[in-house]
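Hi,

Here is the structure for your review. My notes follow below it.

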Amino acid sequence: MLKDRYGNELGTTSAAARDAYQAGMDSLLSATAGMDAHFAAAVAADDGFALGHISLARAKQLLGRGHEAKAPLARARELAPAATPREQSQIAIFDKILTGQATATLEAIREHMKSWPRDAMALAPATSVFGLIGFSGKVGREVDQLAMIAPFEKVYGDDWWYRTQLAFAQIELGQFAEGQRNIDDALAAYPKSAHAAHIRGHLFYETGEREAGLAFLKEWMADYPRDGMMHCHNHWHLALWSMETGQHDEAWRIYDTALRPGAAWGPQINVATDCPAFLLRAEMAGQPRRPELWQELADYATKWFGRPGLSFADMHTVLAYAMAGESEKLAAFSDNPRGSAGDMVPAMARGFTAFAAGDYKRAEGELEPLLDTHERLGGSRAQRDLLEYTVAASKLRAGNKHEARAFIERRRPRNGKVGGYPLEGL
């Protein structure tokens, strides 16, 4: 039988299908453009290739086009009984992901990896800050993430995808030296990986190296296509660094051309979370509030994330609603919180509403108690420190400058080492 580059046997006798599948797999694991086209080419070469169909369905989901996943998912289910045991197991894993069974999916991945430890496609959904562990809602899930990934080092060795994910888990836990070695090795082995470039950007962020991070990511993104999955989010990092280094016009240009609804290409969750985070950070850095932009984001949130359930998205949805004055829509999230960290959402809704109204003492009081376990919300530390900066800004605007500085220096000691903290008046 034909095999993928990890040595896993594939249920196709078509070399063309194998090659296209491998291209799709590498594209998915690196976030380069065209992953769905590669998987579509695989099943065009061999319509009986079950793993090609389920991978196409998964790619559609990752690209924010879940409605297009139904047909390839149905075809994969039809073909699954004739597939190999590994492929049957992987199809079942992706089926669970596509039908919203997060807990069952993670359990299935753990079991699957006992038999097929080099099945990177099956392991991938359990990695990263947007993965099944990342969105588990558990206290200490960053430790769980590294504990999931680290034991596979003896299996994957210097594989670029594995090193990328290991580095991210290490960086999120403050293991910067280990993370740098791994992410630099990953980029050297596969320089076009958008995931690796993104994670190298996170290391720059965590160590407070704004200018170096901006220069690195700007150069790397120069030829990254607009339809690449990381186009929107990597530009979020560029916009933040531009704002923080005083390049305000450039920051707004990036927002208008690569982030905001109607201009950005990216999975909806990136648009719905990156845009509110940028607008609030811009305001805290001294930029005037733009009510029309907040309303635009509130409308976008209603379209794509109007029902509570994914706590990380809900955090940004209630922010957009609070800043746009959408109190009725906000109530649906405060009164009926759902999701793995849904209990945190009402306090965020109250805190952001207070901040929007200039009631900074209340904003501080609602948001600060969430910080000790804010990893439950999912996403990266760089994304969740929006809450930390909002608390610091609230203290500052309430007239407690020394307390604000002591707070943010304790929470984010490296972020202000060059150029100070991006908070007006601090």
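Buried means under 20% relative accessible area, exposed over 50%, and partly exposed in between (1.4 Å probe, protein chains only). At 59% relative accessibility, H67 therefore counts as exposed. H67 sits in the loop between α3 (50–62) and α4 (70–79); helices are DSSP runs of H or I with at least four residues, numbered from the N terminus. From H67 to G48 it is 19 residues in sequence and 22 Å in space, C-alpha to C-alpha.

This is a predicted model: local features need pLDDT of at least 70, side-chain atom pairs count only at pLDDT 80 or more, and totals for chains, interfaces and linings use all residues. Residues are numbered from 1 along each chain as its sequence is written, and side-chain values use heavy atoms, with hydrogens and water left out.

T12 is buried, at 4% relative accessible area. T12 lies in the segment before α1 (15–30). Beyond four places in sequence, T12 is in contact (heavy atoms within 4.5 Å) with L2, A17, R18, D46 and F49.

Now the helix pair. The axes of α22 (residues 381–397) and α23 (residues 401–411) come within 7 Å and cross at roughly 165°. Axes are lines fitted to C-alpha atoms over the stretch in contact, with angles from 0 to 180 degrees between N-to-C directions. That makes α22 roughly antiparallel (over 145 degrees) to α23.

Best regards

Terms used. Helix = DSSP H or I, 4+ residues; strand = E, 2+ residues; numbered from the N terminus. Parallel < 35°, antiparallel > 145°, perpendicular 65-115°, else oblique.
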